[in-house]
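Q: I have a new model on my screen. Can you show me how to read its features one by one?

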Amino acid sequence: MEEKLENKIEPKELWRVFGIFIAVITFFFLVIVSLVMISRNPYEKKLANEIQAVLDEYNPDKWTVGEKIDLKSSFSYSGAMYHLVSKNGSDKNYAVLIRINTLYGPLPAVFVYNKNKGTEFIGFQGLHGRVKNILLSNYSSIRLKYWINKIPEIVSKAGI
């Protein structure tokens, strides 16, 4: 005599388990989204301070980093753009921070963009002393020219 074991689950029980599962997933999703939203402001301020340090090292008291501008391109994940306020009140300038490949791996590079004057390479964020001098003296001008030519396209996608 064979006994059949039937594994029947009531539809109400199935919907209850499914509802609990969706509630747990939704809770974790909301926690992650809220943590990202909370950390966005300090992250943007830290980036602005780092750009300001590079600008001050290059030419002290010439620019002040202003508001962040959203990049509407794929570069928004590896870069940032900020308004620059000039001390002499001249043209609109923008600081663009982009991670580029160097001899020491990817490093954040700071460029200043002006619609009339073009793009100017300022320096690498976080490099000082001997390493900075070695990198700037050995850095490939072809790579630098690529980014100097690419930045106007990046900035134009931001609506500037």
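Predicted model: local features only at pLDDT ≥ 70, side-chain atom pairs only at ≥ 80, totals over all residues.

A: Five strands form an open sheet in the order β1-β2-β3-β4-β5, and their pairing is antiparallel. The edge strands are β1 (63-69) and β5, each of which pairs on one side only. On average, neighbouring strands of this sheet are turned by 35 degrees against each other, direction ignored.

Q: Which helix packs on the sheet, and which strands does that helix touch?

A: Helix α1 packs there, touching β1, β2, β3, β4 and β5. The direction of α1 makes about 150 degrees with that of β1.

Q: What holds strands of a sheet together? And how many bridges join β4 to β5?

A: Strands pair through backbone hydrogen bonds, either parallel or antiparallel. Here β4 and β5 run antiparallel, with six bridges joining them. Take A109: its bridge partner in β5 is F124.

Q: Where does α3 bend, and what follows the bend?

A: The bend is at K150 and comes to about 30 degrees. A proline, P152, follows within four residues. After the helix comes G159, with a positive phi near 90 degrees.

Q: Which residues of α3 are buried, and what do they pack against?

A: The buried ones are L144, W147, K150, I151, I154 and V155. Note that K150, the site of the bend, is in this set. The buried residues of α3 pack against β2 (79-86), β3 (93-102), β4 (105-114) and β5 (118-124).

Q: Why do residues three or four places apart in a helix point the same way?

A: An α-helix has 3.6 residues a turn, so such residues point the same way. W15 and F18 are a case to look at: they both lie in helix α1 (residues 11-58), three residues apart, about one turn of the helix.

Q: How is a pair of aromatic rings described?

A: By the distance of the centres and the angle of the planes. A search of the whole structure finds five aromatic pairs. For W15 and F18, the ring centres are 5.9 Å apart and the planes stand at 85 degrees, so the pair is edge-to-face. W15 counts as exposed because its relative accessibility is 61%. F18, at 45%, counts as partly exposed. Elsewhere, F111, F121 and F124 form one aromatic cluster.

Q: Is D61 buried or exposed?

A: D61 counts as exposed, because its relative accessibility is 59% and the cut-off for exposed is over 50%.

How values were computed. Residues numbered from 1 in each chain as written. Heavy atoms only, no water. Bend = angle between axes of the 7 residues up to and from the residue. Helix = DSSP H or I, 4+ residues; strand = E, 2+ residues; numbered from the N terminus. Buried < 20%, exposed > 50% of the residue type's maximum accessible area, 1.4 Å probe, protein only. Contact = heavy atoms within 4.5 Å. Phe/Tyr/Trp six-rings, centres within 6.5 Å; stacked < 30°, edge-to-face > 60°. Pairing = 2+ DSSP bridges. Axes fitted to C-alpha atoms, helices over the stretch in contact; angles between N-to-C directions.
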